[in-house]
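Q: I am new to this structure and would like to go through a few of its parts. Could you take my questions one at a time?

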Amino acid sequence: MGGQRWIEILGLDLEQAVTVWDRLAEFHDVPPEIRQRVQSMIKNGDDLRDIGAIAFLAQTYAQLPDNASDADIVRQSRSDALGYIVQLVEKGPAFDDLLRAMAMATTNATGATDSDLSYIIDGGDDRPALVPQFAVRSLATAGPPLPRYATEPSLTREQETALDALERRRVIDEAGGHFTFSHPYMRAGAQALAQGDTRRSRENIRNQAVRAIACLSEQVTLATARNLYWMRSLLPKNEETNVSDAFEIARAGLKSIFPATRDECLRFVTSFAHELPSELADRIPHWAESVTLSLADIDVAHGFGVIHRGYRFLDPEPLPYIRAYLDAIERGDPLDLDLVLSRRLLITLRNNPTALSAKAFSRFLAADHAVIRAEAARIWFQVPRESDDEAVRRLMNDSAPPVAVALLKQLGRNWASLTDPRRRALLGILRHQAKSPAIASVLFVRLVVLDRVEHFGENPPYELLSSLMPDVLRSLPRSVSFIDGRFANVVEEAIDSGCREELLPLLQLWASTIVERLGYSQLSEFDLAIIDSLVGALSADTRHPIIEQLLSVDDTGALMVFISWLIYYWDALADVERTTVALKLQEDRQDIQWLRSVVLTSRRSPPILLEPILGRRDLDVSTSSLQELVSPDQFDAAFYTYIGWPQPLWWYGTHHRDVPFWARAVEEIASDPEHRLFEVALAEIMRDPDEKLLATIAILPDSALDRVFDLLLKLTIGTETYVRDAWAALLERGSPRKIDGWAEKILPVLQGFKDLREVVETYGKTELTDKLLNHLAADVDVFRRMAGLSDMLDVFNQVAADDGSLSEEKLELVRRILANQIWEECRRLGPTLHGTWGSLRDKLNELGAEESTINSAEDERRAAVKLHFSIKHAISSFPPEPELVGWRDFQSRVTKLG
């Protein structure tokens, strides 16, 4: 201390450290779980080999935070240095800031420069090492611009003085311009400074931590990411997420331009995924994709590697060009195998996999960058290898998504040529890695395109669905959905290729996943599309228990989907399966009318299912007869099921089956204004405004025309459906007695139209159009002025061309004067439609108006657009939605039809 250097005292060996810990832990009555945890840390690392640290930890174990990480335990073991650090901090804020910045930005092995520390302490809002929120993938020819600070950081005079004082006191050391702590005890004391005691200090500390992860030093950002493990228990809880701000720092780091920093931030958030609120935990798949990079995503144009996603060509060098580096690795010579050099070597080794030796592979596996480890692993498994159990073990414990993706691609594309032992080795690694939710998510999105030639070749190994996908589903985050249908499709492709009973574990897990997810969410038809695969792959004896499990869920929509598909495959079902379905439809359930609606609206409903509902074995009856055979609630439920309205009935895909009865019923009810479902049926016909709609309008009584008008207006404004023929038919029937009243109904929503052309095209050359245009007189006047201006400019340009004496500058001046004049005139007129404002803006731009004038026109257009969409979004093309009697879902809502 002071003018004296630290005297190194060798740590305890493993046996001594374990013995000392056991005796002290027993003496201080350390709880068994902590005792075993620390003993494991002693055996697996060198951080707890100091007798003083072990003794202090045994005495103060009760001060450990809840859910302490390994980093928290190490920090606590050395925190007796805090008193000395506090004395230094009392000398002024410069000491406080420097010590905290160093604690965040350095490790025992890596330091930070004075400019790094200056930026972290007070670098403002500049975040140079974070990718902007909106980035564009480009053809990467020249590479990204060199990242720079907005203002080059430098320490203040007070901070320089404090830094010198810390170095003189041997609190910190300097080597090659990089500063780090002289002893782990000093580091542990400084780490406590990350715990602010006021709101202002906590905000300042948080900003410094964000800057530490956004620094332009990859070494510093990586150190910061690794320090999140101890920062997690010291930083305050975020007010929005109610978890440590360390997770917010990690979220920022997941946008780093440095790949290793992203990797480490993902490892941190997944290590404590159980602490995250659902809105953050659901982001893990997205974060996992953000770190899943290839060598083509790394740009080295500036002499160091940064992430720059682009379409970049990787040109390998001849093998002799890199032979010297490979030889140096074999000899064990010192070699800085950084990202740039590693990338260069691996690009060439791609085409020369046999040149990758076990020793070189081991070096690559030690890289901080997952993209390097991933590429090395892919190359390693390109050719047969012997005695690589240690490499397999290391890969099995590598939880980085890029590594798993690389191994999956290698396994999938070379399945047929790999030996059985090699397949088992790769599968073993992937199955172990799939225990991580992050890796499970990246594997899932790639396995569901197993049938795509561009990903896995002409003969994809569908065996992966039975051997790997079950492990993936067990760990898959709940935010990963089957909604796009790819999962169901790839399973069907596997069945078509010949896979059968071997898919049983996968289908069992799929069914269990459905049951689990129905407990907290609403699933789509694609999530629920399992019946097709069950019938296609499994025998009746094997699939029947799964069908029973699915039909036991308390979710109306899911049951409707399952029953619909079981009816579709009715002839392929065994008697016991048919009985299971029939019994389900006879249960005393509050949502039974919805389950029976599927029977009534299916194209080929089995008579054995129809008879208990109708008392007859077919649906060959009139609309009025069916309403006598079933209750009003049952009829309405079936009607809604057929048209897929209201939601979620469309969502489930059980609507618009090819059933002649219901197509006829819709037309008949739409022609009967006295029916309770008249507006619903009419709105259904309006979905596809063809001859049926025109025929319906023609036969409706005059008393119903206002109701038709209301629905047609909602359809026109709310959906922009082209219904000019329907309007012509309705206006012909309503003219002239109803036109005034109808015009008054349109005026409040007139701005739901885009422009004058849309109004005219909708209503044609009619009296109603004239009334609407009178109300839009300002828009008409602006339109005419712009048309006249165009004619005037054409004449003026022709005269100028014939004269030849007017310069281009004078012509531009004239145009600008005209632009300002037309703007002032049109602004005073105050047009209504956003299309009018848009046309005016374009005309001003064409005339070369001043930027402020164009911006003013754009502001007016945006205001009109906002009102336009507020009108459209407030309108539904259907009548008010009824509530659903007896409907059951994950919230167990039970509602009634209005």
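Predicted model: local features only at pLDDT ≥ 70, side-chain atom pairs only at ≥ 80, totals over all residues.

Q: Where is Lys584 placed?

A: Lys584 belongs to helix 32, which covers residues 575-584.

Q: And is Lys584 buried or exposed?

A: Lys584 is buried, because its relative accessible area is 8%, and buried means under 20%.

Q: Which residues does Lys584 touch, leaving out those up to four places away in sequence?

A: Lys584 touches Leu551, Ser552, Leu559, Arg589 and Ile592. With Leu551 there is also a polar approach: a polar atom of the Lys584 side chain lies 2.6 Å from the backbone oxygen of Leu551.

Q: Changing topic: at what angle do helix 2 and helix 4 pack?

A: Helix 2 (residues 32-44) and helix 4 (residues 70-77) pack at about 90 degrees, and their axes are 11 Å apart. Helix 2 is therefore roughly perpendicular to helix 4.

Q: Which residues meet there?

A: From helix 2, Arg37, Val38 and Met41 meet Asp70, Ile73 and Val74 of helix 4. The residues of this contact comprise four nonpolar and two charged, with no polar ones.

Q: One more, on helix 19: how many of its residues are buried?

A: Eleven of the eleven residues in helix 19 (residues 370-380) are buried, so the helix is mostly covered.

Q: Which charged residues are among them?

A: Arg373, Glu375 and Arg378 are among the buried residues of helix 19, and Arg and Glu count as charged. Trp380 is buried in helix 19 as well.

Note on methods:
Residues numbered from 1 in each chain as written. Heavy atoms only, no water. Helix = DSSP H or I, 4+ residues; strand = E, 2+ residues; numbered from the N terminus. Buried < 20%, exposed > 50% of the residue type's maximum accessible area, 1.4 Å probe, protein only. Polar contact = N/O pair within 3.5 Å; in protein donor to acceptor, adjacent residues only side chain to side chain. Contact = heavy atoms within 4.5 Å. Axes fitted to C-alpha atoms, helices over the stretch in contact; angles between N-to-C directions. Parallel < 35°, antiparallel > 145°, perpendicular 65-115°, else oblique.
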